[in-house]
Amino acid sequence: MSEQSSLFVVKPESATATKGKDITFVAKVDSSTLTRKPVMKWLKGKWLDLSSKAGKHLQFKESYDRNTKIYTYEMNIIKVVDGDAGGYRCEVTAKDKCDTCTFEVSVQAVQEEQEDNILEAFKRSGDGDEDAGELDFSVLLKKRKQKKTGQPKEEVDVWEILKAAKPCDYEKIAFQYGITDLRGMLQRLKKMKAESKKSDAFLTKLDSAYSVDKGKTIQLTVEVADPTAEVKWLKNGQEIKPSAKYVFESVGNKRTLTINKCNLSDDAAYECVIGEEKCFTEVFVKEPPVTITKPLDDVHTMVGEKVEFEVEVSEEGASVKWMKDGVEINRESAGSKYRFKKVGKKHVLIITEATTEDMGMYHVFTNGGESKAELEVEEKELEVLQSLADLTVKASEQAVFKCEVSDEKVTGKWFKDGVEVEPSDRIKISHIGRTHKLTIDDVKPSDAGDYTFVPDGYAFSLSAKLNFLEIKIEYVPREDPPKIHLDAGGSGNKNVITVVAGNKLRFDVEVTGEPAPTVCWMKGDQLVSEDEGRVRVETRETVSSFVIEGAERGDEGPYTITVTNPSGEDKADIYVKIVDVPNPPENVKCTSVGEDSAFITWEPPSFDGGVPVKGYLMERKKVASSRWTKLNFDVYESTTYEAKKMIEGVLYEMRVFAVNGIGISQPSSSSKPFMPIAPTSEPTRLGVEDVTDTTCALKWRPPDKIGAGGIDGYIIEYCTEGSNQWVQANKELVGNTQYRVKGLPAGEKMLFRVFAVNVAGHSLPATLSQAVTIREIVENPKIRVPRNLRSKLITPVGEKVNLVIPFQGKPSPVVTWFKDGVLLEDKTVGTRTSAVDTILFIRSAERRHSGTYTLCVQIEDLSDSANIDIQVVEKPGPPVNVHVTDVWGFNAALEWKPPKDDGNCEITGYTIQKCDMKTKEWFTVYEHNRRPSCTVSDLVMGNEYSFRVFSENICGLSDDPGSSKNTAVITKAGLIYQPKAYKEKDMSGSPKFTARLLDRSVIAGYTAAISCAVRGNPKPKIIWMKNSMIIDGDPKFLMQNNQGVLTLNIRKASLFDGGRYSCRAINDLGEDEVECKLEVRVLQEKEEGTKK
């Protein structure tokens, strides 16, 4: 919510305006404490936003003072009218702050000037001059003529007068009441007369006009007399089709056209048409005023620079108008001078190259505001950044005059003693950027003089003098012993110079002596060459420079400089120390891992770069990725690091950087990939499955939490109860979740535990809660027949039969197989028995293998048995005695008998085929025919047909068909079929309500409806009754019958409409009646709670 605070510096005050005159209200807002521009609203009354009324009568203006950060808002009322009187409010909001103030506007009539001058009423007594005598006030006591104030005229409706008048009097009435637009008056009068006619189709017509804001939704609604009437909607005479923009609704008698997201194209005339009748309206779309949210800024620039005036408005796509000094700037008049750019809500006026003619005041206008800014353009002044300097040179030397100005585009000319200098092989003139240069090679005495540079287009010049110097020197030999002047760190003869590898070393040594001494640089026994190579010596006058380009580690060592001349010798030792970033750390490896961490170790670098190693930086990456992630930003001093926040089961690599005072080394070789994993949780549900005199079978479930490392296997341990000496039962890991521990002492109580093992190690053990006594358990025999063998097993001939039937019992039971109650001795049927199950298998099933097989398991006097039915089936034989029993028209009747061999299973159907004796081709007529007979239709007249039938069971069709013994010949006789006369069913019946009336409770003032449904033939007559009184002719009730669905609509139900309603249906065969109770209740407002 916005916080109420005082933002107004100046508030508008209540005022009295004169009718017909202009009045202005001003409000000022301080924005120094606001984060964004405030929004001002001018309101009349409680809710009317005056920005929608902006135009000729109401004008709004906004300005901003950058120095005081105060916004000034003005509201101008042009030619005040009586309707402008009332209460006004201005409201300013800015993000979380707001402020408001109110003021009143009253309107008074124009005051007539007082015709009588009260001073003329004063007269002086006596006959003297004008100022003589005393004032006589008696004249004021005379009776004045008072103006008669007429009674206020009653308001007259001119249109009612025009509607009642004759056409010949229209012009007279228009002149009397000040109507000047006679054509518009006649059109409106014609329309009013057309609307006054009573309409048979419309109960309620459209209003004469509607108004809607741009972007909003409007609904045009009419009420028709016929609820089933279809209406058409037209826009400017063109029919409107339903769409997402235009939505048609029909509810009862109301027809509504909804126009969504109105734009200026929807500002048009609309019609609603029913048959020959029409009603008209006009929709006016109001476009909200476009205001300026970011005003123009003043611009100060130089000639030739690019200028941009940018303004931001409140709505995208709005049009703005640019003006300069009152003259509009548009695309036609702009030419290449101006460019216009529009980006969203921003509008930009661009001046490509500013000139002094472009100076002035620029305005931008919208339909809701304006802004202005001033453009100042200054001529560029050419500044001299470097002037010419006088030169004194000797013969054959080079003279260079150089100057620099502020504009690199400026050209110029060189003059010598007022004569332009022309370039030649010896004299060169150059212009690079802002620098102008005159170069004279091999100077001669004739080159001496005054040289001047004159910039083109500027009224100034730069001058300098060239002096030619002739020197005659007499040489007097002088002898001084050589001397080395060192300036390096260190003490004594050991001067140490430290250089970072890769950098350039230039060590200047001053050498003095007469005559000039010879300089010799040595590294050990090797002479350092002069003026060539990466390590070299450069000599100039009294300085000898020792230079190393791109220092390398091999350049480190002691160096000697020796200077000699005829007067003596001097010598100095220098030690050059090369420092560098260290070598990469070595042997980076992972020593251990956790669930999301790993311990990394490495060895320090073999070379520290000549500077002690400060610490290390670590990086890691996933093996599948190429992006390295930094693990620390501060130097880490130890060579062991625990990397955390890794993902379990993902392979990672690590690398390490060494850091010294020079910099960071290259990365080390990546470590071998490692995976953060953790041991699993303990196995679950450990239990005993079986116990014998020397063994114990254990069974368990995998751990709940396995992790990415998976499970390599399990370790089982046991110990005697009361002992802590656990013995491992398996030498190798067990992959299954069950294991039989063998070699246990009989009768002892033993404890067992199981570990899960993966690459991370052993999990916590799963231990039995109680000790197990090693002793044989007696268990009754029990056969567990698989679900698929509990019903008859059907298999085709030649297929394999392999039945596995588990059983239980201890000690191991005796297993016996029987077939049809006889001990199974068939050698083609094999059996195999283990301790927990028995298998019956037939390699190739034959029909003789069908029967009931009985399995019997026995332990001493206890036994259990189970029966298994096996049915071996094959394809059936062909049907027999296939023959044609009758032929009529295009039809033939066939009959046959089932096959003698059904394939040891039920016959499921027959497939019938026909063959034309001419073509001898067979075509299938029926498939899966259940009966041993059929009728073949659609035979061709004049043809002779033969038929064959295949029998079918679950194995498929028989291999051979049964062919008909006789044929069917289709003759021409008996082609006409005489159908039986159709007897129409009698549908007559007395009325019967299929859906009854239901009791309802409705709210007063709303339309209510009760419905039921009836059927009957002939169509019954419907009578609606209220409290046993027939409802007929009351327009409040609307009765509808739609395909037997009866509806009674009660328009705007009131308390008097409550009661019992009944509906009676009557026809010649009887009648039926239903009734319901309708309760009408008033929606009570919660006034009692408000009073309390």
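Modeller: We start with pairing. Two strands pair if DSSP finds at least two bridges between them. Keep in mind that this is a predicted model.

Biologist: What makes β79 and β81 a pair?

Modeller: The rule asks for at least two bridges. β79 and strand β81 (residues 962–963) have 2 bridges, in the antiparallel sense. Therefore they count as paired. Arg-948 stands opposite Ser-963 in β81.

Biologist: Which bridges join β79 to strand β82, and how many?

Modeller: β79 and β82 (residues 968–969) pair over 2 bridges, again antiparallel. Glu-944 stands opposite Val-969 in β82.

Biologist: How do you know that β76 and β79 pair?

Modeller: Strand β76 (residues 909–916) is joined to β79 by 8 bridges. The cut-off is at least two, so the pair qualifies. The two strands run antiparallel. Asp-916 has Tyr-945 of β79 as its bridge partner.

Biologist: What do β79 and β80 form?

Modeller: They form a hairpin, with 2 residues between the strands. β79 and β80 (residues 956–957) pair in the antiparallel sense over 2 bridges. In β80, Leu-957 is the bridge partner of Glu-952.

Biologist: Why is β79 called largely enclosed?

Modeller: Buried means under 20% relative accessible area. In strand β79 (residues 944–953), 8 of the 10 residues are buried, so the rest of the structure largely encloses this strand.

Biologist: Now the open sheet. What is the order of its strands?

Modeller: The sheet has 5 strands, in the order β32-β39-β38-β34-β35. Its pairing is mixed.

Biologist: Why do β32 and β35 count as edges?

Modeller: β32 (391–394) and β35 (419–420) each have a single partner strand, so one side of each lacks a neighbour in the sheet.

Biologist: How many bridges join β38 to β39?

Modeller: There are 5 bridges between strand β38 (residues 449–455) and strand β39 (residues 462–469), which run antiparallel. Asp-450 has Lys-465 in β39 as its bridge partner.

Biologist: Last topic, the surface. Which residues form the negative patch?

Modeller: The patch is made of Asp-298, Glu-374, Glu-376, Glu-378, Glu-381 and Glu-383.

Biologist: Why is Glu-378 called partly exposed?

Modeller: Glu-378 has a relative accessible area of 38%. Buried is under 20%, exposed is over 50%, and partly exposed is in between. Therefore Glu-378 is partly exposed. Glu-378 lies in strand β30 (residues 369–378).

How values were computed
Residues are numbered from 1 along each chain as its sequence is written. This is a predicted model: local features need pLDDT of at least 70, side-chain atom pairs count only at pLDDT 80 or more; totals for chains, interfaces and linings use all residues. Side-chain values use heavy atoms; hydrogens and water are left out. Patches are made of residues with over 30% relative accessible area and no salt bridge: like charges are joined within 9 Å, nonpolar side chains (Val, Leu, Ile, Met, Phe, Trp, Tyr) within 5 Å. Accessible areas come from the Shrake-Rupley method with a 1.4 Å probe; for residues, only the protein chains shown count as cover. A salt bridge is a side-chain nitrogen of Lys or Arg within 4 Å of a carboxyl oxygen of Asp or Glu. Lys and Arg count as positive and Asp and Glu as negative; His and the chain ends are not counted. The place of a charge is taken as NZ of Lys, CZ of Arg, CG of Asp or CD of Glu. Helices (H or I, at least four residues) and strands (E, at least two) are DSSP runs, numbered from the N terminus. Buried means under 20% relative accessible area, exposed over 50%, partly exposed in between (1.4 Å probe, protein chains only).
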